[in-house]
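Here are some friendly notes to read beside the model. Take them one at a time, and keep the 3D view open as you go.

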Amino acid sequence: MTEDLIRVENLTMHFPLQKGFMANLFTREKKFVRAVDGVSFAIRKGEVLGLVGESGSGKTTTGRLILRLLKQTSGEVFYRSKSITAYSSGEMECLREKMQVIFQDPYASLSPRMSIGDAISHPLRIHGVADGTKARELTLAMMEKVGLSPASFLYRKYPHQVSGGQRQRVVIARALVTNPDFVVADEPIAMADVSVRSMILELMVKLKEEFDLTYLFITHDLATCKYICDHLAIMYLGKIVEIGPLQEIFRNPVHPYTATLLDAVPVPDPKFRRTHPMPKGEIPSPINPPSGCSFHPRCAYAEPACSLTVPELVDVGMEHRVACPVKAR
Amino acid sequence: MNPGDTILSIQDLHVEFPINIGTVRAVQGVSLELKMGEVMGLVGESGCGKSTLGFSILRLLRPPGRISGGKILYRDRDIAAMDRRELLALRGSKIAMIFQDPLTSLNPLYSIGDHFVETLKTHEKGLGRKDALVLAERMLESLGIAKDRLHEYPHQMSGGMRQRIMIGLALIMNPDLLIADEPTTALDVIVEAQFLDLLNDLKNRFNLTIILITHNLGNVAQLADRITVMYGGAIAEVAPAGSLFHDPLHPYTRGLLASIPNIRLDQPKLMTMPGSPPDLVDPPAGCVFHPRCPHTMDICRKERPPIAARNGHLVNCWLYKERP
C-alpha cells in the first residue's frame, strides 16, 4: 500500500466574528464562523482527492489550512507522516517548494507587471533552485510541457497579452516549476470557458502522470471530478459528510446530500429527468449551524434523532464512509 | 397572438463597439426568429456575442456599443428604430430582462417591497403604494417566498432568494418576453436546479416566451425548446433541443458538446478543441470558425458560409451547402 502523502486530523477553523466596539463592551459571548469543523482525511501518494461542496462549505479554507496559508484553530496536518502544524515560517517556506497551489482566478494570481517568464521562474529564485541561464532553461522547458509554445516567444509577454486559457497554463507552470509532489488546485477551471476547461483538465491529468503528482482538487462541480479524481470528499457546512472512491460514490451515493448534489448536476441531455425533487432552501449560515446533523432541516430522510447528535463518519464498505446514521444503517 | 406566431424576429443584426484599437464586431449579421411561448437557449462561450445580442434586443448596449445594422421586430415593430419614449414603454412591461448577478441588480438601500413599488409605479402612474405592495405580496407567493420578507433588504437574503426576487420584479408587469442573461451562473448547483425548475413553472403560469442566455449547455438541455449556438459574433447553428444534442451538425457544436462533462455518460475522456475564440476586432476572413475547424476547406478561408437548412437545423457552414 502506498503511503499517505497528506493526512489531516480533526482540522478545525473557526473565524471569530467581528463585532462593533459597543457590542464588545456589553456582550461576553463570542461568535464564530465555523468554516471547517473537525475534518479528517488522507491522500495517498499519486492520488487525486476531489473536495466537493457548495460555496460556504469550507472546501477552500481546508485547502488553505493544509498549505498553512491560514493558522488552524485546532487539528493537525501531516506531510509524509510528519506533523507540519508547528512548523516555523522558515521551515514552511522550505516545504512550499514541495507543496504548491493553483488558484481559481488566473487574472488575480499573476502580477500584471511581471512577464510570463519572470513569473514562472520566480519560485526557482525564491527557493534557490536555480537562477540566471539555468532558471531560464528550466522555465522554458516547463512552458513547453504545459503547452505554452513557442516558449521563447511567450517568455517576454505579459499576462494581459495572452488568452485566459494560456494564463491558467502560466499559473500551472509556476506551481510545477519547483518540482513539487503535492498541489492544491482550488477551482482551477471554474473561470474558464467550456472548451478551455477540458484542455486545462486534460493538461492537469497529463502533468500528474508525468511529474508523479498528488492533487487536492477543490471544486463545486461533480461532473468534472469524474475526469481527474480517484477519491471524493463531500463537504457540507464545514464537515465531511461522505468520503470514498469516486466510482463507489457515483454508483452508490449514501448521504442524502451527496445524492442531491449528484442529481442537481446539469446534464447535457434533453431527455434526462431528475429523479429526486431538489431540497428546499439553501446552505445555512456557518455562524449558527443547525444542531445535530447540519443537513437535517433540508433532509427528506430526517428523523427526530438527527437534530440531536452530530453524526460520525461510518464505514459502509469499499473504503466508503458516510456521516448519516439513517442511510448508513 | 397565438402560440406559434412569431413574437420576435431579428434580421441581419450587426452590433459594434468602436474602441481605441479598432472596432469590435460583437454581432455580425445575426438573424433569428422566436415563436410565442417557446424557450430559446442562446449558448456560446465568453465573447461569442450572446449577451450583446440579448442586450441589444432591449437597446441596453452600453456606449460606445451600437446597433450598426439590421432590424429587431417585436410584434412587427422595429425596436432598433424606436425612440426613447417607445422604448421605455416596452422595457419591463412587454419585454423584461434578468441578469447574472442579482446582488448588483438590486439596490442595497431599497427594501424588497420598495423595489416592487418603484417598478409598478414607474409603469402605472396612478397606482398607490398600498395596492402596489398587495401585488408584490401576491408575486412573492407565486415565487415561494414568505410575504413578510417584503420588508427585508437584499443583503438579508441568500443568492437564490435574490435571483427569485429579480425574476419577480421582471414578471410583475406581466411581460410576454423574458430575456434571462446567465441567471444561474452565480448560484450553486442545487440552487441552480431549484431556479431552473421555478423558471419552467413560471413559463407556464405566465405564458412566457424566454430567451435563456447561458454558457452551460447542460442548463438549457431540459428547459429549451430550441437552441441557438453562437460563435465569434455569428450564429453557428439553430436547432430543436433534442436534435441539437443528438445530431449536431456544425463542427463547433460538435466540439462544444464533446467537451462538456456529462456525469451520466461513461466517456473516459473529454474532447478538446484546439485554438481559442477569434479576435473580433480583426476576425478571420471567411468562416469565423475556420482556424479551429477540423473540416476546413478552401472556400471556408475566403467566404462567409451561407445559412443551410438541414434536418430541421439551420447551420452556418460550407459543409452543408448544396453544391450546384
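1. Let's begin with the sheet in chain A. Its 8 strands form an open sheet with mixed pairing, in the order 6-7-8-3-9-10-12-11. Strands here are DSSP runs of E with at least two residues, helices are runs of H or I with at least four residues, and both are numbered from the N terminus. Two strands pair if DSSP finds at least two bridges between them. Strand 6 (99–102) and strand 11 (314–315) of chain A are at the edges with a single partner strand each, so each has one side without a neighbour in the sheet.

2. A word on how to read all this. The model is predicted, so local features need pLDDT of at least 70 and side-chain atom pairs count only at pLDDT 80 or more, while totals for chains, interfaces and linings use all residues. Residues are numbered from 1 along each chain as its sequence is written, and chains are lettered from A and ligands numbered from 1 in the order in which they are written.

3. Now look inside the sheet. Strand 3 (residues 48–52) and strand 9 (residues 231–236) of chain A run parallel and share 4 bridges.

4. Helix 2 (residues 59–66) of chain A lies across strand 3, strand 7 (182–186), strand 8 (214–219) and strand 9 of chain A. Its angle to strand 8 of chain A is about 150°, taken between N-to-C directions on a scale from 0 to 180 degrees, with axes fitted to C-alpha atoms, for helices over the stretch in contact.

5. How many residues does each chain give to the contact? Chain A gives 31 residues and chain B gives 36 residues; residues are in contact if their C-beta atoms, placed from the backbone, lie within 7 Å. On the side of chain A that touches chain B, helix 8 (194–211), helix 9 (222–225) and helix 11 (256–264) of chain A each give two or more residues. The largest share, 6 residues, comes from helix 8 of chain A.

6. Finally, visit A:Tyr301, in the loop between helix 11 and strand 11 of chain A. A:Tyr301 touches A:Pro256, A:Val326 and A:Lys327, leaving aside residues up to four places away in sequence. A:Tyr301 and A:Lys327 are 26 residues apart in sequence, yet their C-alpha atoms are 8.1 Å apart.

Note on methods:
Contact = placed C-beta atoms within 7 Å.
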